[in-house]
Amino acid sequence: MGPEGHRSLKDRMKNPFADLRHKLKETNLYDAKVQAIHLKHKIGKFGNIINPNHRHDEEHEKETDEKRNRIAESHRFESFAPERDGNNVKWYIDGRDYFWAVSVALERAKETIYIADWWLSPELFLRRPPYFNQEWRLDQVLKRRAEAGVKIYVIVYKEVAAALTCNSVHTKHALQALCPQGSPGYGNISVMRHPDHNVFENAGDMTFYWAHHEKFIVIDYELAFIGGLDMCFGRWDSKQHPLSDVHPAGVQNEVFPGQDFNNNRIMDFQSVEDWKSNELSKADYGRMPWHDVAMGVIGPCVYDIAEHFILRWNFCKRDKYKRDERFDWLTLEGRMGEDEDLVGVQRPKHPVGAYVHHPLSPLSTKPVTPNQGTVRAQLVRSSADWSSGILVEQSIQNAYCEVIRSAQHYVYIENQFFITATGEEQSPIHNMIGRAIVDACVRAGKEGRKFRVIIVIPAVPGFAGDLRDDAAMGTRAIMDYQYKSINRGEHSIYGQISAQGIDPKGKLMFTEHVFCFNLRSYDRLNKTPAMKRQEEKSGVTYQEVQRAEAEEIMSSGVHGVHDDSSSSEGEGDDSGNEERERMVDRKRKFEGHREAAGLKNTDTSVDSIAKDAMLNEGKPSEEWWDPERPDTEKENFVQEELYIHGKVCIVDDRTVLCGSSNINDRSQLGFHDSELTIVMEDTALIDSTMDGHPYRASAHAATLRRILWREHLGLLPAQPLDASSDPNAQPPTDSPNAHFPGPEDDFVADPLSADLWSLWTDRATTNTETFRHLFHADPDDHIRTFEDYQNFLPRGDRKQGHLYDPYMPVNDVRRTLDRIKGHLVWMPLDFLCEAEMAEKGLTINAYTESIYT
């Protein structure tokens with residue numbers, strides 16, 4: 001404000017004390033006023049309880065909503081993002097390949113790293129075995145980049161502690177404490193958790209049921225990763241999917257340290273902030289193997305992924321951290337000026353935190369032009385007011401429905417869940433992916449075309465407990481909804497197809513179009529007789545040794561604190577030094593009795609026989625075991641469902657959808673869980689066949705499907721831990737995908753080949769019968785009632801996952817296991833079909849149904 005003499009009379013009348021106000025800005029009185037305003041707005045959030053539309057009722061908010069609507073209406077699937085040509089997209093199958101590529105890419109980061117995860121474990125090892133790759137633990141990689149000046153932004157889902165054990169407060173404090181004040185990198189790691197569960201701060205916007213479920217990374221606006229893999233415990237795996245992690249030759253060879261060794265069907269993660277502990281003994285149980293799919297992206301779609309992150313960040317800033325100076329507003333090139341509202345930027349009268357422009361280097365210096373590759377791609381999302389501050393967007397469901405409905409030859413789905421509707425009669429289920437499947441099958445049937453929908457989902461949702469227990473009611477409810485979606489009742493997919501006369505025999509349990517499968521794996525715990533003697537002579541159990549090993553390789557990490565304070569600094573945990581030394585001493589004592597127990601390095605029992613289900617590997621019947629005590633091998637054979645966590649859909653060898661979105665209402669409706677998915681169509685075509693006829697397939701879709709099917713059929717070799725020379729485990733910048741041409745690739749080239757389908761169904765049948773015979777693996781078609789369940793698998797009779805008949809001759813067990821190839825098994829569509837799977841009551845009722853769907 002200029003001198004008094006330069007002000008107009010009108011201005012003086014309007015602001016008679018302008019000079020005084022200007023001077024007060026430099027005093028404590030002004031600061032007190034601003035603090036009072038902030039407190040007023042904080043308390044004012046209670047008003048949102050009676051105004052749930054409070055983010056969309058003011059004129060400027062309505063204008064922003066209308067602007068977003070116009071953009072979405074101009075795009076396919078009504079998405080926030082357009083279709084973009086010229087992307088370089090690379091697929092990653094399973095955690096070994098994905099995390100190796102992520103480790104390479106993160107290490108090269110120069111400016112910024114964005115990470116959005118449902119769960120993030122700072123102590124996750126991106127390369128294995130951990131003992132020999134300690135510098136590749138996630139927190140250590142991020143620490144190095146922060147110290148090099150890279151700005152790291154992380155958004156994780158803030159869980160409801162009573163329901164989930166992922167402990168995001170540990171994630172936040174462990175990461176932020178990597179670079180303490182006064183050290184290199186201080187302030188370069190920022191972690192937000194959302195939604196808020198603070199009643200005083202956010203009374204009108206409490207969200208307990210829904211989660212931030214996206215899993216993506218953006219590095220320097222040059223590269224992005226997106227898919228089904230959180231960077232957390234339990235996700236790393238290789239294509240042979242081992243269950244065993246017992247190493248008589250030395251615990252330093254362990255692959256899954258601490259909580260990373262997990263079996264959700266036996267026990268959920270315990271005390272994940274104490275990342276060293278593991279309550280599940282590796283010497284007694286197998287882990288739950290994990291199958292997943294993700295994408296690496298270079299090109300114009302990276303911008304759209306970054307834009308979604310910026311919107312999420314700014315919404316969290318507005319919703320939870322608006323008065324927290326530790327968190328800045330992020331502005332985005334291309335969304336400036338009148339368009340900055342599209343990414344949630346606000347300009348309050350008294351802003352707290354800076355406005356930081358991204359990318360830090362101009363977009364013109366980034367590889368976001370449409371000449372990076374041959375893939376035409378588009379981002380779609382499920383997002384709404386609670387998750388991003390926007391009106392509901394369900395472009396993921398729109399994409400799934402449109403792509404499936406227009407399919408001509410096949411639809412291949414891998415997903416963690418399959419809960420969907422064929423119409424309005426299946427309340428409380430509302431997403432219409434099931435209707436799209438019915439429409440595609442009916443159209444193909446009427447036109448006389450060969451057409452298949454192949455669905456691969458987990459046998460049981462990944463929640464702990466015996467399915468017969470009352471505590472498993474929620475798990476059974478999910479399974480019940482899945483069966484009603486697929487084959488039970490007139491409104492199921494099978495029922496609706498049959499009603500159209502496409503299945504003339506009218507068998508609700510069979511259709512010539514839709515087929516459902518699970519995956520399952522076996523292994524042998526390498527707890528040898530010599531190792532048992534080592535336990536006895538040393539007085540130390542292998543479980544104690546595995547804990548000590550985790551302590552040794554993870555002790556350099558920073559422990560998070562247990563409270564959820566606003567403090568940005570974690571607390572180093574030195575209180576356990578004495579316990580740490582005791583554990584290490586116990587490990588040394590165990591190792592000191594190696595020779596006395598007769599455990600020599602010449603012992604040749606392998607640490608895992610899961611590889612024997614893969615191509616050109618051995619047979620269980622040929623694996624070495626202690627010849628002096630052959631029967632001890634029987635107690636070490638284990639099986640477990642291979643948990644399908646990927647969210648991928650491939651159609652006609654042309655189109656691929658991959659992201660974080662499950663096939664259920666939680667992921668598809670838009671206003672429940674938040675999700676991000678990418679739709680891809682490769683313009684680079686390859687010569688192939690479809691139902692015996694020449695066909696031009698998209699390279700990206702066809703090669704992804706072929707490798708997935710070869711893995712499930714056991715037509716791929718097992719993988720070594722070291723992925724340095726594997727082209728499929730490198731970022732897209734380094735190499736394209738390799739699909740390993742040869743007779744196995746040729747065999748799966750035609751997805752509708754009669755010979756391929758015969759092998760597919762034969763292996764599923766043989767594997768299913770073998771797991772039933774040896775293990776009585778559940779669920780199973782022979783279990784139609786709860787009485788059948790008790791007869792098939794008596795309660796508490798034996799360790800979960802172990803051989804059913806302990807008296808079967810060991811050589812018979814070995815030869816029977818030889819029959820299993822790959823991991824494919826039939827989904828038991830008759831499981832508990834004559835029982836009430838999910839009785840209505842306190843757990844399942846009109847108020848809680850939407851949680852399970």
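**Cavity, strands and loops**

Student: What gives the most to the lining of the largest cavity?
Tutor: The top contribution to that lining is 3 residues. Lining residues have an atom within 4 Å of a cavity point; a cavity is a set of points on a 1 Å grid over the protein atoms alone where a 1.4 Å probe fits but cannot get out. The contributor of those 3 residues is α21.

Student: What kind of model is this?
Tutor: Residues are numbered from 1 along each chain as its sequence is written, and side-chain values use heavy atoms, with hydrogens and water left out. Local features need pLDDT of at least 70, side-chain atom pairs count only at pLDDT 80 or more, totals for chains, interfaces and linings use all residues, and the model itself is predicted.

Student: How much space lies in the largest cavity?
Tutor: Rolling a probe the size of a water molecule over the atoms shows where empty space is left. Grid points are joined across faces, edges and corners, and a volume is the space filled by probe spheres set on the points. The count comes to 6 cavities of 30 Å³ or more. The space in the largest is about 130 Å³.

Student: Which lining residues are the closest to the centre of the largest cavity?
Tutor: The lining holds 13 residues. It divides into 7 nonpolar (Ala, Val, Leu, Ile, Met, Phe, Trp, Tyr, Cys, Pro), 4 charged (Asp, Glu, Lys, Arg) and 2 polar (the others, Gly among them). The closest to the centre are Arg520, Thr768, Pro779, Asp780 and Trp826.

Student: Which elements give two or more residues to the lining of the largest cavity?
Tutor: Elements are DSSP runs numbered from the N terminus: helices are H or I over at least four residues, strands are E over at least two. Those that qualify for the lining are β15 (514–524), α21 (754–775) and β23 (824–826).

Student: Which strand is joined to β15 by 5 bridges?
Tutor: Two strands pair if DSSP finds at least two bridges between them. β14 (452–456) is parallel to β15 over 4 bridges, with Val453 opposite Val514. β23 is antiparallel to β15 over 3 bridges, with Phe517 opposite Trp826. Tyr522 stands opposite Gln639, and the antiparallel strand with 5 bridges, residues 637–641, is β16.

Student: Which residue just after α15 takes a positive phi?
Tutor: In α15 (529–538), Pro529, Ala530, Met531, Gln534, Glu535 and Ser538 are buried. Their cover includes α16 (542–554) and α17 (577–592). Phi is about 75 degrees just after α15, at Gly539.

Student: Which residue stands opposite Val191 in β4?
Tutor: Strand β4 (189–194) is mostly covered, with 6 of its 6 residues buried. Ile189, Val191 and Arg193 take one side, and Ser190, Met192 and His194 the other. Strand β3 (151–157) runs parallel to β4 over 6 bridges. Opposite Val191 stands Val154.

Student: Is Glu340 buried or exposed?
Tutor: Glu340 is in the loop between β9 (329–332) and β10 (355–358). Leaving out residues up to four places away in sequence, it touches Arg335, Val345 and Arg347, where contact means heavy atoms within 4.5 Å. Its relative accessibility is 12%, so Glu340 counts as buried.

Student: How far apart in space are Glu222 and Thr733, C-alpha to C-alpha?
Tutor: Glu222 is in the loop between β5 (216–219) and β6 (223–227). At 25% relative accessibility, it counts as partly exposed. Beyond residues up to four places away in sequence, Glu222 touches Lys110, Val297, Ile298, Val302, Lys366 and Pro367. Thr733 is 511 residues away in sequence, yet the distance in space is 9.7 Å.

Student: What share of the residues of the protein chain count as buried?
Tutor: The chain has 24 helices and 23 strands. Of its contacts with a separation of 6 or more, 79% join residues 24 or more positions apart. Of the 853 residues, the buried share is 61%.

How values were computed:
1 Å grid on protein atoms, 1.4 Å probe; cavity = no way out; pocket = protein on both sides within 12 Å on 5 of 7 lines; lining within 4 Å. Buried < 20%, exposed > 50% of the residue type's maximum accessible area, 1.4 Å probe, protein only.
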